[in-house]
Amino acid sequence: MSDERQHWPLFEVFIRARAGLEHKHVGSLHAVDAKMALEHARDVYTRRMEGVSLWVVRSADITASDPDDADAFFEPAKDKIYRHPTFYEIPDEVKNI
Amino acid sequence: MSRASVVPVSVDFAQTERFRYVLRLADTSLILGQRLSEWVGHAPALEEDLGVANISLDLIGQARMLLSYAGEIEAAGRDEDQLAYLRDQNDFCNLALVEQPNGDFGCTIVRQVLIDVWQLELLSWFDASTDQRLREIAAKAVKETRYHLRYSSGWLVRLGDGTEESHTRVQTSLNDLWKFTTELFTPDEIDRLAENAGVAPNLNVLRGSWLHRIDEILNEATLTRPDDVPYVWFGKRGEHTEYLGHLLSDMQYLQRAYPGVTW
Amino acid sequence: MYTQGLDALGDESLHLPEEELAELEAHFQAKIDADEKIEPKDWMPAAYRMTLIRQISQHAHSEIVGMLPEGNWISRAPSLKRKCVIIAKVQDEGGHGAYLYSAAETLGISREQMIEQLLTGQAKYSSIFNYPTPSWADIGAIGWLVDGAAIMNQIPLCRCSYGPYARAMVRICKEESFHQRQGFEIMIRLCEGSTAQKRMAQEALDRWWWPSLMMFGPDDANSKHTGQSMRWKIKRFTNDELRQKFVDVTVPQAEFLGLEVPDDALVWNEETEHYNFGPIDWDEFQRVLAGHGPCNQERIRARIDAHESGAWVREAALANAAKQSKNL
C-alpha cells in the first residue's frame, strides 16, 4: 500500500487497568512502528493512571468477524440453554450445588 | 578561570552554597520545561504534542520541588513562584544549554538527549547523596527522566538514521549545541564544595559515564560527536546567552506587570 | 480489518436494489429506536456515515484548533501551578482530538484525509476558537464558559448511537470535568483581586459571552441537521434546549463572581422558570463560520505551519522504521 509509506500507520491500543483485569480496547493512534506506538499509547491513553500494562497492535493485523455472519456465528448458541446452570432444576433444600 | 584556583577541602556545605546548588538544578529543569512547553500545539504530529507536554510537565514538577526546597534552605520566605517569577536574569543559574531556542524538532531532540543523559546520571548518583531532600526528589525524578531519555534517544535515532535531510539537520544541531555541554562538566567552587560535602558527584567521573552513553546513542543514530571547544558558558553562574532574557520577559510578564497580586 | 479499509464511505448501498435498501434502512432505524448501538462494521446508511464523519471530524478539529488560543498563555501563566494546569489542559485537548480522530477513522476516513480537509478549509471547526485571548482572564473565561458550553453539548453525546463516538465521549467528558472548574477558579481569583484584575475578568466575560451562546449552533428553526440527527440518536437535545440550559446555569455563576453578563435583555422569567435573553447576532456567527472572524487565518496558518514544518520529521521516522524492519 503506497499510502502506508506516506503516512504513519494506525495501531489499536489495549490497556490493562490493574493486575487481575484483562486488557481492554481503548482506541487507536498513529505511529511508525510498535516501539513508537507503545510510547504514544502511554502519552495519549494513560495520562491519568489508567493502566499498568499496554498492548498495541497494527489495525491492519486484526481480523474481525463480519456482521453479516453474525447469524451463522452467534445464533446457534442461542438455543443451547442447557449450557447454563439455570437450565437445571434442583430442589431448594439441596445445598452447595 | 576558577578552574585553576585551589578550593580548600571542607565538608561544611554552607547554607548559601547549598541554596545556590539546589537552585541550579531547579532553574535547569524550569527553563527546559518552559522551552518544551512552547511545542504544545505545534509539534510534528498530534501524538508528539502529548509526548512533549508530558516531559514539560515532569520538568516543571521537578523544578517546583527543587525551588521549594531552595526556598526552605534560604529561609527568607521566598516560595517557588517568587523564585521563578521575581528573579532577574543574572540570578538565574540554569545551564546555558537549556535556554537555547527550540529550533526545529530535531534541534529540540538533540538538546533533550544531551540534557536527559546528564540528568539521568546525576539523579541516579543522588541516591548516594548526603542531602536527604535531594535523595527524595531524585528518587521520583529519576523515573521520569528515564522515560524522557527513552523518548528523546528514540527520536534522535529516527532522525539521525532517517532521511538524508533529517540526518543533516540533526548533525547540524548537534554541532551547534555541543559547545554548551562543556559547562555540564566544568566545576566551579560550588560544585567542588557540593562534591566535598558528599552532596553531589565528581563532575569528571560523571562526564565519563555521560560520554559513554552519548556515544552509544550517537552511534546508533549514525551521528558524529563534534570536537570540544575551549569557550565555556557559565549559565550556572548567571552568565547567560542572549536568549534567556527574552524567555524570562515572557514567562514573568504578568507577575512583573501586576506586582503583589494573587493569581 | 478493524478500523481501516472499510468499503469506501458507504458505497456499498449504492449497488443495492431499492427494496433491499429500504429493508436495510428499516432494520437500521429499528436498532436505533431500540437504543442498540451501531458499531463500525455494521451496515449503516451512507448519510448516517457521512453525518458522523462530518460531526466527529469537526469535533476533533475543534479540539486541535482549540489548543491554540489557550496555548497562547502557556509561556506566560502567572504561577507554576497555573502553568502546569494549562499545559495539562491543552494537552488534554490534543488527547481528545486524538480520541475523536480515532473514532472517525472507524468510519473509513483516515486522519490524513481529515487533516487535509482542515488545512484546506473544507472542514469546519467550532467558530469560538477564532476569537483572540489577549489577557490571562480569557483563559479563565474559556474554561468557565467555553468548556461549560462544550460539556453541555458533550454529555448527551455519551449516549450517541454510534459506539466508537459514544465511547470516546465518555472518556472525554470524564477528563474534561476539571477544565471548567480550573477556569472558574481563575475567574474567582481575578474577581477577588485588584481593580485591574477584576476589570480583566469583566472584559473577558464581555468577549466570550455571546460567542459561547453561539457554540450551540443555529436556532432550531434554522438548524438543517437537527431533525435527522435526533432520529438517528446522534443528537439528543436541540440547539436551543441546550443553549437555554447553559444560560440558566451560567447566569448565577456570573452573579457569584460579581460580574455583569453583557445582555440588557437578560431577565428571569417566573412563568417559564428560565432566563429570557437577548437576540444572538447570527450575522456575526455566519461571518466567523465563513472564515471572517478575528483569528481564522491565524489559527489555520498555525496548523499549516506545524504540519508543514513537521513533514521532514514524519518522513524521517517512516524511513527509519523501514530500515529497522529490513534489518530484522
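Reader: Why is C:Trp73 called buried?

Author: Its relative accessibility is 1%, and buried means under 20% relative accessible area, with exposed over 50% and partly exposed in between (1.4 Å probe, protein chains only), so C:Trp73 counts as buried. This is a predicted model, in which local features need pLDDT of at least 70 and side-chain atom pairs count only at pLDDT 80 or more, while totals for chains, interfaces and linings use all residues. Side-chain values use heavy atoms, with hydrogens and water left out.

Reader: What makes C:Trp136 buried?

Author: The relative accessible area of C:Trp136 is 1%, so C:Trp136 is buried too.

Reader: How many aromatic pairs are there over all chains?

Author: The count is 27. Rings of Phe, Tyr and Trp (its six-membered ring) pair if their centres lie within 6.5 Å; planes under 30 degrees apart count as stacked, over 60 as edge-to-face and the rest as tilted.

Reader: Why is the pair of C:Trp73 and C:Trp136 called edge-to-face?

Author: The ring centres of C:Trp73 and C:Trp136 are 6.2 Å apart and the planes stand at 70 degrees, so the pair is edge-to-face. The two residues are 63 residues apart in the chain.

Reader: Where does the charged end of B:Arg87 sit?

Author: The charged end of B:Arg87 sits over the ring of B:Phe92, 4.2 Å from its centre. The criterion is NZ of Lys or CZ of Arg within 6 Å of the ring centre and within 35 degrees of the ring normal. The charged end of B:Arg158 likewise sits over the ring of B:Trp155, at 4.9 Å from its centre.

Reader: Which residues form one aromatic cluster with B:Trp155?

Author: A:Trp8, B:Trp39 and B:Phe105 form one aromatic cluster with B:Trp155.

Definitions and conventions
Residues are numbered from 1 along each chain as its sequence is written. Chains are lettered from A and ligands numbered from 1 in the order in which they are written. Helices (H or I, at least four residues) and strands (E, at least two) are DSSP runs, numbered from the N terminus.
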